[in-house]
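Trainee: I am new to this structure. Could you take one part and walk me through it closely?

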Amino acid sequence: GYTLVGAGPPAAIFYEFIVSSPFVLLVSLASAFFWVTVLLANSVVWRSLSWMTHQGQTEALRVLPLISFFATEELLRPMVFRQTKRATAALERRAVALRHPRLTKLERMRIFLGIGAGQGVAHSCLFFLNTVVTSYR
(Lines give C-alpha, C1' and ligand atoms only; values in the text may rest on other atoms or scores of the structure.)
Protein backbone atom coordinates (compact mmCIF):
# COMPACT_ATOMS: atom_id res chain seq x y z
CA GLY A 1 0.00 0.00 0.00
CA TYR A 2 2.56 2.60 1.10
CA THR A 3 4.96 1.55 -1.63
CA LEU A 4 2.34 2.22 -4.28
CA VAL A 5 1.56 5.63 -2.81
CA GLY A 6 5.25 6.54 -2.61
CA ALA A 7 6.49 5.02 -5.85
CA GLY A 8 3.36 5.22 -8.00
CA PRO A 9 3.52 8.84 -9.23
CA PRO A 10 7.27 8.79 -10.03
CA ALA A 11 6.83 5.45 -11.82
CA ALA A 12 3.95 6.86 -13.87
CA ILE A 13 6.00 9.92 -14.87
CA PHE A 14 8.97 7.70 -15.68
CA TYR A 15 6.82 5.42 -17.83
CA GLU A 16 4.94 8.20 -19.62
CA PHE A 17 7.73 10.66 -20.38
CA ILE A 18 11.06 8.89 -20.15
CA VAL A 19 10.63 5.30 -21.32
CA SER A 20 8.75 6.41 -24.42
CA SER A 21 11.91 8.05 -25.83
CA PRO A 22 15.10 5.95 -26.05
CA PHE A 23 17.30 9.06 -26.10
CA VAL A 24 15.74 10.48 -22.93
CA LEU A 25 16.10 7.06 -21.27
CA LEU A 26 19.83 7.06 -22.09
CA VAL A 27 20.15 10.61 -20.75
CA SER A 28 18.41 9.50 -17.56
CA LEU A 29 20.76 6.53 -17.11
CA ALA A 30 23.79 8.74 -17.80
CA SER A 31 22.57 11.24 -15.21
CA ALA A 32 22.11 8.50 -12.61
CA PHE A 33 25.60 7.20 -13.35
CA PHE A 34 27.08 10.70 -13.04
CA TRP A 35 25.49 11.37 -9.64
CA VAL A 36 26.49 7.96 -8.30
CA THR A 37 30.05 8.64 -9.49
CA VAL A 38 30.04 12.01 -7.70
CA LEU A 39 28.82 10.33 -4.52
CA LEU A 40 31.48 7.62 -4.83
CA ALA A 41 34.28 10.16 -5.35
CA ASN A 42 33.08 12.14 -2.36
CA SER A 43 32.90 8.95 -0.29
CA VAL A 44 36.48 8.05 -1.17
CA VAL A 45 37.68 11.44 0.06
CA TRP A 46 35.77 11.18 3.33
CA ARG A 47 36.75 7.55 3.88
CA SER A 48 40.39 8.56 3.66
CA LEU A 49 39.70 11.22 6.32
CA SER A 50 37.67 8.91 8.56
CA TRP A 51 40.48 8.69 11.10
CA MET A 52 39.45 12.16 12.34
CA THR A 53 36.05 10.96 13.55
CA HIS A 54 37.37 7.84 15.25
CA GLN A 55 39.84 9.55 17.56
CA GLY A 56 37.43 11.07 20.03
CA GLN A 57 36.31 13.97 17.91
CA THR A 58 32.93 15.57 18.44
CA GLU A 59 29.73 14.38 16.83
CA ALA A 60 29.63 17.56 14.76
CA LEU A 61 32.44 16.19 12.60
CA ARG A 62 30.20 13.28 11.61
CA VAL A 63 27.87 15.72 9.86
CA LEU A 64 30.62 17.16 7.65
CA PRO A 65 30.53 14.36 5.03
CA LEU A 66 26.78 14.80 4.61
CA ILE A 67 27.14 18.55 4.20
CA SER A 68 29.96 17.91 1.75
CA PHE A 69 27.80 15.58 -0.35
CA PHE A 70 25.02 18.15 -0.63
CA ALA A 71 27.43 21.02 -1.30
CA THR A 72 29.18 19.05 -4.05
CA GLU A 73 25.90 18.21 -5.72
CA GLU A 74 24.69 21.79 -5.57
CA LEU A 75 27.98 23.09 -6.94
CA LEU A 76 27.86 20.62 -9.83
CA ARG A 77 24.20 21.19 -10.69
CA PRO A 78 24.83 24.44 -12.69
CA MET A 79 27.63 22.68 -14.58
CA VAL A 80 25.27 19.85 -15.54
CA PHE A 81 22.68 22.42 -16.64
CA ARG A 82 25.19 24.28 -18.83
CA GLN A 83 26.48 21.04 -20.35
CA THR A 84 22.94 19.91 -21.10
CA LYS A 85 22.17 23.22 -22.78
CA ARG A 86 25.32 22.87 -24.87
CA ALA A 87 24.42 19.29 -25.77
CA THR A 88 20.89 20.21 -26.84
CA ALA A 89 22.27 23.09 -28.92
CA ALA A 90 24.70 20.69 -30.59
CA LEU A 91 21.85 18.26 -31.17
CA GLU A 92 19.85 21.03 -32.82
CA ARG A 93 22.77 22.02 -35.04
CA ARG A 94 23.17 18.39 -36.07
CA ALA A 95 19.45 18.11 -36.83
CA VAL A 96 19.59 21.23 -39.01
CA ALA A 97 22.67 19.93 -40.82
CA LEU A 98 20.89 16.64 -41.57
CA ARG A 99 17.69 18.47 -42.57
CA HIS A 100 15.71 16.99 -39.70
CA PRO A 101 13.15 18.97 -37.70
CA ARG A 102 14.51 21.02 -34.82
CA LEU A 103 13.94 20.04 -31.21
CA THR A 104 10.69 21.29 -29.84
CA LYS A 105 10.41 22.89 -26.44
CA LEU A 106 8.68 19.73 -25.16
CA GLU A 107 11.58 17.56 -26.32
CA ARG A 108 14.09 19.85 -24.59
CA MET A 109 12.01 19.74 -21.42
CA ARG A 110 11.88 15.94 -21.61
CA ILE A 111 15.68 15.83 -21.79
CA PHE A 112 15.93 17.95 -18.64
CA LEU A 113 13.25 15.80 -16.99
CA GLY A 114 15.35 12.74 -17.84
CA ILE A 115 18.35 14.28 -16.10
CA GLY A 116 16.32 15.07 -13.00
CA ALA A 117 14.73 11.62 -13.00
CA GLY A 118 18.15 10.01 -13.28
CA GLN A 119 19.33 11.92 -10.24
CA GLY A 120 16.14 11.03 -8.38
CA VAL A 121 16.50 7.34 -9.20
CA ALA A 122 20.13 7.35 -8.09
CA HIS A 123 19.23 9.04 -4.80
CA SER A 124 16.26 6.80 -4.06
CA CYS A 125 18.23 3.62 -4.76
CA LEU A 126 21.09 4.73 -2.53
CA PHE A 127 18.75 5.84 0.26
CA PHE A 128 16.93 2.49 0.03
CA LEU A 129 20.20 0.55 0.21
CA ASN A 130 21.34 2.69 3.13
CA THR A 131 18.09 1.98 4.96
CA VAL A 132 18.34 -1.75 4.34
CA VAL A 133 21.99 -1.96 5.38
CA THR A 134 21.54 0.05 8.58
CA SER A 135 18.38 -1.82 9.60
CA TYR A 136 20.22 -5.16 9.69
CA ARG A 137 23.18 -4.05 11.81
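Mentor: Let us start with helix 2. This is a predicted model. Helix 2 covers residues 22-48.

Now look at what is covered. Buried residues in helix 2 are Val24, Val27, Ser28, Ser31, Ala32, Trp35, Val38 and Asn42. An α-helix has 3.6 residues a turn, so residues three or four places apart point the same way.

Next, the partner. Helix 4 spans residues 64-97. The axes of helix 2 and helix 4 come within 10 Å and cross at roughly 150°. Helix 2 is therefore roughly antiparallel to helix 4. Their crossing is right-handed.

Go down to the residues. Helix 2 brings Phe23, Phe34, Trp35, Val38, Leu39, Asn42, Ser43 and Trp46 to this contact. Helix 4 meets them with residues including Leu64, Phe69, Leu76, Met79 and Leu91. By class, the contact has 13 nonpolar, 4 polar and 2 charged residues. Trp35, Val38 and Asn42 take part in this contact, and these three are also buried.

Follow helix 4 onward. Helix 4 also packs with helix 5, residues 105-135, at an angle of about 145°. Their axes are 11 Å apart. This crossing too is right-handed. From helix 4, Glu73, Arg77, Val80 and Leu91 are among the residues that meet helix 5. Those four also meet helix 2. On the helix 5 side are Arg108, Ile111, Phe112, Ile115, Gln119 and His123. The contact of helix 4 with helix 5 divides into 6 nonpolar, 4 polar and 5 charged residues.

Key:
Residues numbered from 1 in each chain as written. Predicted model: local features only at pLDDT ≥ 70, side-chain atom pairs only at ≥ 80, totals over all residues. Heavy atoms only, no water. Axes fitted to C-alpha atoms, helices over the stretch in contact; angles between N-to-C directions. Helix = DSSP H or I, 4+ residues; strand = E, 2+ residues; numbered from the N terminus. Parallel < 35°, antiparallel > 145°, perpendicular 65-115°, else oblique. Left-handed = near helix turned anticlockwise from the far one by under 90°. Contact = heavy atoms within 4.5 Å. Nonpolar A, V, L, I, M, F, W, Y, C, P; charged D, E, K, R; others polar. Buried < 20%, exposed > 50% of the residue type's maximum accessible area, 1.4 Å probe, protein only.
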